[in-house]
Amino acid sequence: MKYVVTLGADTTEPLEVDIEQRRDGTYVVRDGLGTPLEVRASVDSQEAGLFSLLVDGQTVIAQPADAELRYRQARYTVRAENARDRASAAVSGEGVQTRRITASMPGRIVRVLCQPGAAVTLGSPLIVIEAMKMQNELCAKADAVVRAVHVSAGQTVERGALLVEFE
């Protein structure tokens, strides 16, 4: 399946990759030139919301809910879109990744910092969620207008639960 990957905010040229899953659970990722990389989940990927991957023998930690990769103590913002979905979004003028905020982990909603109709900017705090006695602030990934807030303070949510939608 083809994906379009953008690394960091400064990247102007997205990279198109093809991902193929093998029967043994590993993946082969090929860039636009067809160069193959072997990717497999590492045994130590036990922490909720984090995936430890071996990419050609190098460990990369992925946190998909926050669109983040960690490699050699550096953090990178990553955006990966199915090429077909990206083309559909381009035609309709919608950004697939920035239209909603979901829970990156199970937890309890501590505070809701936005309301429907509110204009928010990139980085604006929206929700504070507590998991394992740690509070995490979920922020806007782009400038937008809040369409709906699906949670309230005190509510318990599962990982992946829809929290906020944008227009």
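Trainee: What share of the contacts in the protein chain with a separation of 6 or more comes from residues 24 or more positions apart?

Mentor: Good place to start! A contact means heavy atoms within 4.5 Å. In this predicted model, residues 24 or more positions apart account for 40% of the contacts in the protein chain with a separation of 6 or more. A word on the ground rules: residues are numbered from 1 along each chain as its sequence is written, and side-chain values use heavy atoms, with hydrogens and water left out. Because the model is predicted, local features need pLDDT of at least 70 and side-chain atom pairs count only at pLDDT 80 or more, while totals for chains, interfaces and linings use all residues.

Trainee: How many helices and strands does the protein chain have?

Mentor: Helices (H or I, at least four residues) and strands (E, at least two) are DSSP runs, numbered from the N terminus. Here the protein chain has one helix and 16 strands.

Trainee: What percentage of the residues in the protein chain is buried?

Mentor: Buried means under 20% relative accessible area, exposed means over 50%, and partly exposed lies in between (1.4 Å probe, protein chains only). Of the 167 residues in the protein chain, 26% are buried.

Trainee: Is Thr77 buried or exposed?

Mentor: Thr77 counts as exposed because its relative accessible area is 52%. You will find Thr77 in strand 8 (residues 74-82). The C-alpha atoms of Thr77 and Gln63 are 9.8 Å from each other, and these residues are 14 apart along the chain.

Trainee: And where is Thr26 found?

Mentor: Look at the loop between strand 2 and strand 3. Thr26 is classed as buried because its relative accessibility is 1%. Leaving out residues up to four places away in sequence, Thr26 touches Glu20, Gln21, Val39 and Arg40.

Trainee: With which side chain does the side chain of Thr26 make a polar contact?

Mentor: A polar contact is a pair of N or O atoms within 3.5 Å; within protein, one must be able to donate a hydrogen and the other to accept it, and residues adjacent in sequence count only if both atoms are side-chain atoms. The partner here is the side chain of Asp24, at 2.6 Å.

Trainee: How many salt bridges are there?

Mentor: A salt bridge is a side-chain nitrogen of Lys or Arg within 4 Å of a carboxyl oxygen of Asp or Glu. That rule gives four salt bridges. One of them joins the side chains of Glu20 and Arg30, with 3.3 Å from N to O. This pair links distant parts of the chain, since Glu20 is in strand 2 (residues 15-21) and Arg30 is in strand 3 (residues 27-30), ten residues apart. Glu20 is partly exposed at 40%, and Arg30 is partly exposed at 30%.

Trainee: Which residues are linked in a network of salt bridges?

Mentor: Those are Arg22, Glu38 and Arg40. Within this group, the side chains of Glu38 and Arg40 meet at 3.0 Å, N to O. Glu38 is partly exposed, with 29% relative accessibility, and Arg40 is partly exposed too, with 34%.

Trainee: What is the N to O distance in the salt bridge of Glu130 and Arg108?

Mentor: For that pair it is 3.1 Å. Glu130 in strand 12 (residues 125-131) and Arg108 in strand 10 (residues 107-112) lie 22 residues apart, so the pair links distant parts of the chain. Glu130 is partly exposed at 24%, and Arg108 is partly exposed at 34%.
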